[in-house]
Amino acid sequence: METESFLNKQVILKAYTNGAPKESDMEIVSNNIIPSKVKNGSNAILMKNLYLSCDPFISIRMKIGNPGVFPAYTPGSVISGYGVGRVVDSTNANFKKGDMVWGITGWEEYSLITEPDSLFKIDYKCDIPLSYYVGILGMPGMTAYAGIYEVCKPREGEYVFVSAAAGAVGHLAGQFAKLMGCYVVGAAGTNEKVDLLKNKLKFDDAFNYNEEQDLDVTLKRCFPQGIDIYFDNVGGKILDAAILNMRDHGRIVLCGMISQYHLDSYEGVKNMMMALYRRVHIQGLLVFDFFHHYSKFLDIVLPLIKEGKITYIEDIVYGLDACPGALVGLFNGCNMGKQLVEVSSE
Ligand code: NAP
Ligand code: FER
C-alpha cells in the first residue's frame with residue numbers, strides 16, 4: 001500500500017527581518033505532515049523538491065515595505081523561491097507523475113503547487129544536470145541572457161563591465177558578452193573570485209573591489225577608453241564610479257542593487273550629470289518580463305553548454321537544514337557562482 005502522507009521538513013520565516021538576513025530569522029520545522037495525494041479536481045500538483053535556489057530577492061521578501069512585484073512573506077510561513085522538483089502526484093492535465101519541473105516552490109521537502117501552470121516542464125535529458133534549472137537554465141541564466149541579449153545587445157569590440165561578476169548572474173553575463181566579442185572586466189569581492197574570473201572564465205580583466213582605494217581610478221585603469229556597457233548587480237558606490245566612466249551613448253542595465261537591499265534608506269548616486277553628458281541609456285530589468293523568451297533562450301544556451309563554450313559554476317550545499325546559512329552567505333560574498341541547495345538527489 002502506498003504511503004498516505006509524507007513527513008515534510010520546512011524552512012519557516014520566524015519574523016520580518018531588520019537589516020541583512022540572519023540564520024536566526026529562519027527556523028527548520030520537522031513536524032509538518034503533507035498528504036501524498038492531491039485532492040481530485042483541485043488542478044494542483046505535489047512536487048518533491050530536489051534543488052532549491054538561494055537568490056538575493058528572497059531577502060527582500062523577508063522584510064516589510066518591499067516595493068516589488070513579489071509580496072513579502074508571512075512570518076510563520078514557509079519561505080518560497082525557485083526550485084527543481086519531481087511531480088509525485090497530479091490532478092492537473094498538463095503534468096503527470098514523474099515529470100520534472102522548475103519554478104516557484106517552497107523551502108520544504110514536498111510542496112503542494114496550487115497553480116502549476118506557472119512552472120516550466122523540464123525536457124529531461126540525462127546529459128544536463130537537473131540542478132542547472134535553478135541556475136544557468138533557470139531564472140539567473142534568463143536574467144543574464146535578458147540583460148545582455150535583449151537589453152544591452154553588445155556589438156563586437158565593445159567594453160563591458162560586470163559587478164558581482166563571480167556570482168550566478170554575473171559570471172554568465174560576462175561570458176555571454178565575451179561570446180559576443182566584447183572586452184569584459186569583472187568586479188568581485190575576493191582575490192579567489194578574481195582568479196576564477198581571469199583564469200577559468202577568461203574575463204579580460206577583473207579586480208577585487210574591497211582592495212581598491214578609489215573605484216574611479218580603478219575603472220580608469222581597467223577601461224582607459226571608457227565603458228560601453230555596465231551590467232550592474234550591486235548599485236551604490238560601484239554604480240556611481242561606473243557612471244563617471246561611461247562612453248558616449250553607453251548603456252547601463254540595472255539588474256540588481258544588492259549593496260542597498262538591507263539599508264534603512266538607499267545611498268544616493270552622485271554622478272548622474274555624467275550620464276547626461278555622455279547620453280547614457282539606463283534601463284531597469286526584471287527577469288519576469290522575459291520569461292516568454294524562454295524557448296529562444298534555451299535554443300541559444302543549451303548548445304553553448306553542450307559545446308563547452310560556457311563555463312557554469314555551482315556552489316552546492318546539501319540538505320534543507322543548509323538553506324538558511326546558504327542564503328545568509330550571499331550577502332557576505334561566500335558563494336562562488338550559483339548558490340543552491342540539494343535537498344534530495346532522487
Ligand atoms: P550572486 O551574485 O550569486 O550572489 C550575490 C553576490 O553579491 C555575493 O556573492 C557578493 O559577491 C555580492 N555582494 C553581496 N553584498 C554586496 C555588497 N554590499 N556590495 C557589493 N557586492 C555584494 O547573486 P545573483 O543571484 O547572481 O544576483 C546578482 C544580482 O542580480 C543581485 O543584485 C540580484 O538581486 C540581482 N538579480 C536581479 C534579477 C532581476 O530580475 N532584476 C534577477 C536575478 C538577480 P562579492 O564577493 O563579489 O561581493
Ligand atoms: C532580484 C531583485 C529584485 C529579483 C527580483 C527583484 C528575481 C524584484 C522582485 C519584485 O519586483 O518583486 O534579484 O530576482
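Predicted model: local features only at pLDDT ≥ 70, side-chain atom pairs only at ≥ 80, totals over all residues.
## Aromatic pairs and the cluster

Across the whole structure, a search finds 20 aromatic pairs. One of them joins Trp102 and Phe291, whose ring centres are 6.1 Å apart and whose planes meet at 65 degrees, so the pair is edge-to-face, given that planes over 60 degrees apart count as such. Trp102 belongs to strand β5 (residues 100-106), while Phe291 is in the loop between β13 (281-284) and α8 (294-306), so this pair ties together parts that are 189 residues apart in sequence. Trp102, with a relative accessibility of 1%, counts as buried, and Phe291 is also buried, with a relative accessible area of 17%, since the cut-off for buried is under 20%.

Trp102 and Phe291 are both members of one aromatic cluster, which also contains Phe57, Phe70, Tyr82, Phe120, Tyr145, Tyr149, Phe176, Phe288, Tyr294 and Phe297. A further contact with a ring involves a charge: the charged end of Lys121 sits over the ring of Phe95, at 5.5 Å from the centre of that ring.

## The surroundings of ligand 1

Ligand 1 is surrounded by 27 residues, and the closest of these are Lys193, Tyr209, Tyr261, Leu285 and Asn335. By class, this shell divides into 17 nonpolar residues, nine polar residues and one charged residue. Two helices, α2 (139-152) and α3 (168-179), each supply at least two residues of the shell around ligand 1.

Oxygen atoms of ligand 1 take part in several polar contacts with the protein, including one in which a polar side-chain atom of Lys193 lies 2.6 Å from an oxygen atom of the ligand. In the side chain of Asn335, an N or O atom is 2.5 Å from an oxygen atom of ligand 1, whereas Val287 contributes a backbone N or O atom, which lies 2.8 Å from an oxygen atom of ligand 1. Taken alone, ligand 1 exposes 910 Å², and the protein buries 89% of that area.

## The surroundings of ligand 2

The residues that surround ligand 2 are Phe57, Ile60, Gly68, Val69, Phe70, Met139, Tyr261, Leu286 and Phe288. This shell has eight nonpolar residues, one polar residue and no charged residues. Phe57, Phe70 and Phe288, which are in the shell around ligand 2, are also among the members of the aromatic cluster.

Taken alone, ligand 2 exposes 360 Å², of which the protein buries 81%.

## Two residue pairs along the chain

Ala144 is found in helix α2, one of the helices that supply residues to the shell around ligand 1. Ala144 is buried, with a relative accessible area of 0%, and its C-alpha atom is separated by 6.0 Å from that of Leu172, a residue 28 positions away along the chain.

Val217, by contrast, lies in helix α5 (residues 215-222) and counts as partly exposed, at 48% relative accessibility. The C-alpha atoms of Val217 and Asn245, which are 28 residues apart along the chain, are separated by 9.7 Å.

Key:
Residues numbered from 1 in each chain as written. Chains lettered and ligands numbered in written order. Heavy atoms only, no water. Phe/Tyr/Trp six-rings, centres within 6.5 Å; stacked < 30°, edge-to-face > 60°. Helix = DSSP H or I, 4+ residues; strand = E, 2+ residues; numbered from the N terminus. Buried < 20%, exposed > 50% of the residue type's maximum accessible area, 1.4 Å probe, protein only. Lys NZ or Arg CZ within 6 Å of the ring centre and 35° of its normal. Near = heavy atom within 4 Å. Polar contact = N/O pair within 3.5 Å; in protein donor to acceptor, adjacent residues only side chain to side chain. Areas by Shrake-Rupley, 256 points an atom, 1.4 Å probe, with all protein chains shown as cover. Nonpolar A, V, L, I, M, F, W, Y, C, P; charged D, E, K, R; others polar.
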